[in-house]
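Here is a short briefing to read alongside the model on your screen. Please have the sequence and the 3D view open as you go through it.

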Amino acid sequence: MQWTNSKLRYGALPQAVHWLTALFVIAGFLLGQFGDDLPKPYRGLGLLIHMTLGQCVFVLLLVRLAWRFIDPPPPAEITPLGRLVDWAAKLSHFALYALLIVVPFLGVIVQLKRGHDLPILALWDFASPWPADRTVSRSMLGLHALLADALLILAGLHACGAIVHHHVWRDRTLLRMLPGTAAK
């Protein structure tokens with residue numbers, strides 16, 4: 001198992017961060033969408049898990065960004081569309097990173113503006129420094145939900161792009177992010 005990136009593929013650490021982020025985003029999204037449908041005794045636990053997943057996504061993003069500076073990713077595969085695909089990939093990655101920062105941040109604002117403590121990684125609570133403001137909380141919750149939807153849509157497009165690379169252009173873009181696949 002290779003922990004670092006090579007010229008042909010991503011290492012085990014960036015792969016783990018990538019797939020954990022995807023898993024946590026999907027699980028957090030589902031809890032955000034359907035948490036109110038949980039039986040009443042479990043709603044609080046569902047919200048706690050939702051908030052913890054959002055914080056984990058943020059921490060994983062910090063690890064991912066730091067790792068990109070320490071160990072740059074492999075160069076992009078050459079595609080029939082050339083620089084257009086490179087430009088679109090860079091723009092979509094930037095947008096994904098921005099949403100991975102903004103969505104959890106807005107969730108934090110929602111919790112604090114509700115006047116509630118913020119559980120930090122489900123280990124300890126951070127008391128809200130602000131008085132409760134339901135109007136601001138509702139507005140931020142709406143924006144949090146809208147941008148979470150945008151994050152999932154963009155992540156879906158990201159996955160579709162990887163599938164196009166694999167099945168249409170037949171390059172290694174998808175394979176180099178999959179654990180357990182050999183570089184060709």
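**A glycine to start with**

Helices here are DSSP runs of H or I with at least four residues, strands are runs of E with at least two, and both are numbered from the N terminus. Please keep in mind that this is a predicted model, in which local features need pLDDT of at least 70 and side-chain atom pairs count only at pLDDT 80 or more, while totals for chains, interfaces and linings use all residues. Residues are numbered from 1 along each chain as its sequence is written, and side-chain values use heavy atoms, with hydrogens and water left out.

**Overall layout**

- The protein chain holds four helices and two strands, and from the N terminus on they run in the order α-α-α-β-β-α.
- Along its principal axes, the C-alpha trace spans about 55 × 30 × 30 Å.
- Of the 184 residues in the protein chain, 32% are buried; buried means under 20% relative accessible area, exposed means over 50%, and partly exposed lies in between (1.4 Å probe, protein chains only).
- The accessible surface comes to about 11,500 Å², and 72% of that belongs to carbon and sulfur atoms; accessible areas come from the Shrake-Rupley method with a 1.4 Å probe, and for residues only the protein chains shown count as cover.
- Among contacts between residues at least 6 apart in sequence, 68% join residues at least 24 apart; a contact means heavy atoms within 4.5 Å.

- Helix α2 (residues 40-70) has 31 residues, which should span 45 Å at 1.5 Å a residue, and its end C-alpha atoms are 46 Å apart, which agrees. The expected span is 1.5 Å times one less than the number of residues.
- Helix α3 (residues 83-113) also has 31 residues and reaches 44 Å from its first C-alpha to its last, close to the expected 45 Å.
- Helix α4 has 34 residues and reaches 49 Å between its first and last C-alpha, close to the expected 50 Å.
- D133 caps the N-terminal end of α4, with a side-chain oxygen 3.2 Å from the backbone nitrogen of T135. A polar contact is a pair of N or O atoms within 3.5 Å; within protein, one must be able to donate a hydrogen and the other to accept it, and residues adjacent in sequence count only if both atoms are side-chain atoms.

**How the inside packs**

- The buried residues of α2 include M51, L53, V57, L60 and W67, and the buried residues of this helix pack against α1 (12-34), α3 and β1 (118-120).
- In α4, the buried residues include H144, A148, L151 and L154; the buried residues of α4 pack against α1, α2 and α3.
- The largest nonpolar core has 16 residues, and those with the most contacts inside it are F24, V25, V57, L99, L100 and L151. The elements that give two or more residues to this core are α1, α2, α3 and α4, and the largest share, five residues, comes from α3. Such a core is a set of buried Ala, Val, Leu, Ile, Met, Phe, Trp, Tyr and Cys residues joined through side-chain atoms within 4.5 Å.
- Leaving aside neighbours within four places in sequence, V25 is in contact with V57, L100, L151 and L152.

**Two residues of α4**

- H144 lies in helix α4 (residues 134-167) and counts as buried because its relative accessible area is 13%.
- A polar atom of the H144 side chain lies 2.8 Å from the backbone oxygen of V103. Beyond neighbours within four places in sequence, H144 is in contact with H50, V103, L106 and G107.
- Not counting residues up to four places away in sequence, L154 touches S92, A95, L96 and L99.

**Cysteines and backbone angles**

- A search of the whole structure finds zero disulfides, a disulfide being a pair of cysteine sulfur atoms within 2.5 Å.
- C56 counts as partly exposed at 23% relative accessibility, and C160 is partly exposed at 44%.
- L121 has a positive phi of about 50° although it is not a glycine; L121 is in the loop between β1 and β2 (124-126).
- R170 has a positive phi of about 55° and is not a glycine either. R170 is in the segment after α4 and is exposed, at 66% relative accessibility.
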